[in-house]
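Here is a colleague's note for someone opening this entry for the first time. Please read the points beside the sequence and the coordinates, in the order given.

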Amino acid sequence: MDTTRHYKNQFEDYSILVSHNIVKDDTNMVVSCIINSGISYATSHRSNSPLMYSWHDTEYIGAAHGLAGILYMLLQAQQYLTQVQIDNYVKPSLYYLQKLQFASGNFPSSVDNSSDRLIHWCHGAPGMSALFCLAYKVVFEDITFLETAIQCGEVIWARGLLRKGYSICHGVAGNGYSFIHLFQQTKDIKYLYRACKFAEWCFDYGLHQNRSPDRPFSLFEGLAGVIYFLIDMQQPHLAKFPMYDV
């Protein structure tokens, strides 16, 4: 018997086990911290949602800075959530968000904001469509969640070609990812067609925008994110929004 190889294999097996337990323990800790922070803020500020958070003294609800983005992360870590956390905090927070949807299908950028203006991944329907697709698919199978996502898709199709720019954060590429999520969930070719049309808009990079990004080559504001979106369009069934879809 090769003693050196034997102990090497034992060490590798032990290292994998320890690494797995560390990741599991750390993830449990982070998830609990997120839930407890949301409960604490919601309670102290008498929020109508069981989970609520504030950024720069504003209760944002969008994907980049607000409740939708936090819920999206929690749903992707559902195996680390207890049933009590899901039933008492996560699911009711999703229902709370549904009540904020405008008749147009869009969402406000923050609580108590009545402006139906922004159609961005960071603020508005595009970030919400991904959240409610995931909520329907992964955890709850509540048809109203899918209906909410579809309503988001309609307003994005009507108003989502933005002169503001092409970025994945607050531009056409990010809005295009909404149709990818809807296509992945529904398998309806209509959404793939819509994603393709938004990708075509991005081919004329710079032509349709009325302002230049602060960071023109960055992932979320600039060209890098647009390239990522266009590459994902080659295999839309495997596409993942960068730094957001796990």
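1. Over which residues does pLDDT stay under 50? This is a predicted model, and the stretch in question is residues 14–19, for which the model has zero contacts beyond four places in sequence. Taken as a whole, the protein chain averages a pLDDT of 91, and 91% of the residues score at least 70.

2. The domain assignment divides the protein chain into domain 1, covering 18–156, and domain 2, covering 161–245. The C-alpha centres of domain 1 and domain 2 are 22 Å apart, and the contact between them involves 22 residues of domain 1 and 20 residues of domain 2. Together, domain 1 and domain 2 bury about 1800 Å² between them, with 62% of that area on carbon and sulfur atoms. Of the area that domain 1 buries against domain 2, 34% is supplied by His 120, Trp 121 and Ile 156, which is more than any other three residues supply.

3. As for the polar side of this interface, the rule finds two salt bridges across the interface of domain 1 and domain 2, and it finds eight residue pairs in polar contact there, with both residues at pLDDT 80 or more. On the side of domain 1 that touches domain 2, the elements giving two or more residues are helix 2 (67–76), helix 4 and helix 5 (143–159). Helix 2 is itself mostly covered, since seven of its 10 residues are buried; those buried residues are Leu 67, Ala 68, Gly 69, Leu 71, Tyr 72, Leu 74 and Leu 75.

4. His 120 deserves a separate look. His 120 is found in the loop between helix 3 (83–99) and helix 4 (125–140), and His 120 counts as buried because its relative accessibility is 5%, where the cut-off for buried is under 20%. Leaving aside residues up to four places away in sequence, His 120 touches Ala 125, Pro 126, Gly 127, Leu 162, Lys 164, Cys 169, His 170 and Asn 175.

5. Arg 194 lies in helix 7, which spans residues 189–203. Is Arg 194 buried or exposed? Arg 194 counts as buried, because its relative accessibility is 9%. Not counting residues up to four places away in sequence, Arg 194 touches Gly 153, Glu 154, Trp 157 and Phe 179. Glu 154, one of the residues that Arg 194 touches, also meets Lys 190 in a salt bridge between their side chains, at 3.7 Å from N to O. By contrast, the C-alpha atoms of Arg 194 and Asp 25 are separated by 41 Å, with the two residues 169 apart along the chain.

6. Asp 57 has a positive phi of about 60° although it is not a glycine, and its place is in the loop between helix 1 (3–44) and helix 2. Asp 112, likewise a residue other than glycine, has a positive phi near 65°, and Asp 112 sits in the loop between helix 3 and helix 4. Asp 57 is exposed, because its relative accessible area is 79%, and Asp 112 is exposed with a relative accessible area of 80%.

Definitions and conventions: Residues are numbered from 1 along each chain as its sequence is written. Side-chain values use heavy atoms; hydrogens and water are left out. pLDDT is the predictor's confidence in each residue, from 0 to 100. Contact means heavy atoms within 4.5 Å. Helices (H or I, at least four residues) and strands (E, at least two) are DSSP runs, numbered from the N terminus. Buried means under 20% relative accessible area, exposed over 50%, partly exposed in between (1.4 Å probe, protein chains only). Domain bounds come from an automatic or database domain assignment. Buried area is the accessible area (1.4 Å probe) that two parts lose on being put together, summed over both. A salt bridge is a side-chain nitrogen of Lys or Arg within 4 Å of a carboxyl oxygen of Asp or Glu. A polar contact is a pair of N or O atoms within 3.5 Å; within protein, one must be able to donate a hydrogen and the other to accept it, and residues adjacent in sequence count only if both atoms are side-chain atoms.
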